[in-house]
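Open the model in your viewer and keep the selection panel at hand. The stops below are meant to be taken in order.

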Amino acid sequence: MKKVVAFLVAAVLVLGTLAGCQKPTPAPSTDAPAASTEGAKKIDPCTIKFWTGDRHDMEYIKTHIDKFNAENQYGIKVEVEFLTDDVETMYKLAYQTGDAPDVIGGSNKTVETYGGDYLLNLEPLAAADETYKKEMEIESRKYAYKNWDPKRNEVYCYFGAIRTGTRAEYNIELVKAAGYDKLPTKLSDYIDMAKKITEAGKGEYYGIGFTSSSPFERFCEQVAMNSGITWCYDYKNGKFDFSGYKPIIEECKRFISEAIAYPDEQGVDNMRALFAEGEFALWQNASQEIGVFTEQIPITKFEWGVGALPTLTGEVKGSLDCLVQKGYCITKTSKNIDAAWEFIKYMQSLDVLVGYCEAGYSAPLTNAVRDKYDASKAGRMGEFQAAAYDEVYPSYPSVNLTGDNYRKTLWEAVLGNTDVDAAIADCNKRYNEALEADIKSGDVLRVVIPDFDPMHPGAGTIEFRDK
Amino acid sequence: MKKKKSKLGHEGASALIMLIPCVFFLCVCSIYPICWVLRWAPYNYNGTKATFTGLQNFQRLFTDKTFWEAVLHTFEYAFYKIIVIIPLALIVTVLLQQKLRGSNFFRGVYFMPTIISSAISGMIFTFIFATKNGILNAILQKGNLITEPIKWLTSGDVVMIAVVVLSVWAGFGNYMLYFTSGMSSIDTGLYEAAKIDGANGVQIFFRVTLPMLSPTLKIVLQLALLSAFRDYEAIMILTQGGPGNRSMTMFLYNYYLIFGQSNSAQPQIGYGALCSLMAAIIIGLVTMVYLRVSKKLDDVI
């Protein structure tokens, strides 16, 4: 009897284990249902799901979704979910389980992250709608590898707003006390000013602070862009080139070798808090700092200003790369494509986008929004407004790189831990080896813009070469 | 030729069936993932894109200065950690065994860091070791022990000290517990006999306590060694392996290779798998050497 019971228990355990193994779900179907692109549509009342990783504008987005739900003529109901972490993994898991949403938020990494395996090509839908086509400038707002896959020639979203390039946020009182009415435009002068502030501080406060989270990107890279130096990818010749960084790195080394910078590099929020306490005078980040220094970590102890970062010579010879925002994609598994498209058109309508920018969340991207937008309503966002040197750069090929990226490698040279020439040579070698290998394997195409102009990086004639 | 009868029998069959779930999970959760990771060794694989590179990763392993420096840093870190944490845990255990007033309270206090997450303790110590507003520098300057703040986390000369201090603080409560358990199994009659023979406290410690703790000490040392070689969480939070990879250890480097480092490097799963294999071989060799050397501890009894 005992043996029978033992056998039965063992059998139940084994069966229970096998029952836990699921059959792999089939990959998303590539035969997405076709959307209507002409004439008056018939859209049945339905519920569509929208997922987004943007949480900073939750209130505004929710308000307009509620408005769409109440006022749209088709009876479409949108259920929104604001995801917290690891958005990409959650999307892809949802596909595997057949529970993907109809609409997801687009970003400058849409093609790289999801691409045509997961997303519908929106170009036919956009081209068929004259109002959308005109207001969203669909012909000129195709950014290779951001929303447009040049290999498939598909566009997965169109962007509605922009985050402008990095600016310098500074403690007006400390800068004035050092004898400056405005920020110097030349890099060496900027560093001299930071040094004067540090010397005046006598250990109580410093001239500038850097965070441990991508410090190179926040300062040196921006200086290179604005100086017209090739800051990563040489678009004219279709290869990576970091040689132009040498004079910038040699200057920036002074921040460390002359003990000008705040002696610790901590996380972004820590450094923001230290800046708000007046521990250092100069900080560098983009327009999200408005929300940070007015709501999240409000600055109450001093007046703070916003200014341009310096360039190598003092002259602006290149544009700062801006982050495109507020894109909406339709997933390939959606069964309500027409309804999803109506929702996207509403969220990217002029009134919604103008209101979004005037609420201070982003800066206008398209001319239609820019013409209607009243900067005076945007509060301090007005100080981060798109300048003549804020543009969206074409994406360079995303390569399968070995070792650290150029930002980490070159920052180690700024810190004095590695030789500048060796660091630059190492980056050039690894990046170009990875580029050639990926082009050879067919993973990427070489991007070449023979008439590339760093002041107008998006204006040149872009070519995609397979060699 | 006579056929050999199966000696399995009914009991053997039941045992085999009951083992199946365990073997299944071992294969699925342990062996298969290891094989899956190692199969990417001849590729540059970042989780989405795989480019075949042949023997390039193998060549890279033997010329990777950062990895071999991380191995040296690991040995350095393990050495400093063990020579501090084991004697400290032992001395504290002996003192607390004296059953002085407050022993139980202090036992709880010393054990508490063990239950705090490594990530949290790393964050706390980031503030303690901060150069300008750090508590440690403030105390040292107030006590006139230093004139200039020490760059605990940004100077290659002292960063290893900071990392070892954190790991000792976080771990010695655990070893104190092992030693407490070991000491409770020592016959109290031995101490009485030693006292009758006129032995003082120090003599009792070296002639009675330490020899009787030898089996426990052997196991604790082995655990401490393996733990020291595998430590990475607190270092990741405290220094991210910096400055200039000075505090980069083997496992932290492997972690960054497999999972990528935010804003610095994408996952390099193929190469990371090879480095993990090499790390496992190194730890295996160290364990073998330790087991040979530790046999000498048995001769003490």
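Predicted model: local features only at pLDDT ≥ 70, side-chain atom pairs only at ≥ 80, totals over all residues.

Residues are numbered from 1 along each chain as its sequence is written, chains are lettered from A and ligands numbered from 1 in the order in which they are written, and side-chain values use heavy atoms, with hydrogens and water left out.

**Stop 1: the interface**

Show chain A and chain B together. The contact (heavy atoms within 4.5 Å) takes 40 residues from chain A and 31 residues from chain B. Between them the two chains bury about 2700 Å², 53% of it on carbon and sulfur atoms; buried area here is the accessible area (1.4 Å probe) that two parts lose on being put together, summed over both.

Next, look for polar pairs. Across the interface, 12 residue pairs are in polar contact, both residues at pLDDT 80 or more. A polar contact is a pair of N or O atoms within 3.5 Å; within protein, one must be able to donate a hydrogen and the other to accept it, and residues adjacent in sequence count only if both atoms are side-chain atoms.

Now colour chain A by helix. The largest share, eight residues, comes from α1(A). Helices (H or I, at least four residues) and strands (E, at least two) are DSSP runs, numbered from the N terminus.

Select E279(A) and K132(B). Their side chains meet in a salt bridge with an N to O distance of 2.4 Å. The count between chain A and chain B is one salt bridge, the term meaning a side-chain nitrogen of Lys or Arg within 4 Å of a carboxyl oxygen of Asp or Glu.

**Stop 2: salt bridges in chain A**

Over all chains, the search finds 32 salt bridges. Pick K42(A) and D44(A), a pair at 2.5 Å, N to O. K42(A) counts as exposed at 69% relative accessibility, and D44(A) as partly exposed at 47%. Buried means under 20% relative accessible area, exposed over 50%, and partly exposed in between (1.4 Å probe, protein chains only).

Move to K377(A) and E358(A), which form a salt bridge at 3.9 Å, N to O. K377(A) lies in the loop between α16 (367-372) and β16 (390-391) and E358(A) in helix α15 (residues 350-358), so this pair ties together parts of chain A that are 19 residues apart in sequence. Which end is buried and which exposed? K377(A) is exposed, at 54%, whereas E358(A) is buried, at 15%.

Then select E436(A) and R446(A), whose side chains meet at 3.0 Å, N to O. This pair links helix α18 (residues 420-440) with strand β17 (residues 446-448) of chain A, the two residues being 10 residues apart. E436(A) is partly exposed, at 38%, and R446(A) is buried, at 10%. After that, select D192(A), K195(A), R254(A) and E258(A), which are joined into one network by salt bridges that share partners.

**Stop 3: aromatic rings**

The structure holds 66 aromatic pairs over all chains. Rings of Phe, Tyr and Trp (its six-membered ring) pair if their centres lie within 6.5 Å; planes under 30 degrees apart count as stacked, over 60 as edge-to-face and the rest as tilted. Zoom in on F240(A) and Y431(A): their ring centres are 5.0 Å apart and their planes are at 55 degrees, so the pair is tilted. F240(A) lies in strand β10 (residues 239-240) and Y431(A) in helix α18 of chain A, so the pair ties together parts that are 191 residues apart in sequence. Both F240(A) and Y431(A) are buried. They belong to one aromatic cluster whose members include W231(A), Y393(A) and F452(A).

In chain B, find R60(B), whose charged end sits over the ring of Y271(B), 3.9 Å from its centre. The rule asks for NZ of Lys or CZ of Arg within 6 Å of the ring centre and within 35 degrees of the ring normal.

**Stop 4: backbone details**

Select K326(A) in strand β14 (residues 323-330) of chain A. Its phi is near 55 degrees, a positive value in a residue other than glycine. K326(A) counts as buried, at 7% relative accessibility.

Finish at G242(B) and P243(B), joined by a cis peptide bond with omega of about -5 degrees. P243(B) is found in the loop between α11 (233-238) and α12 (250-259) of chain B.
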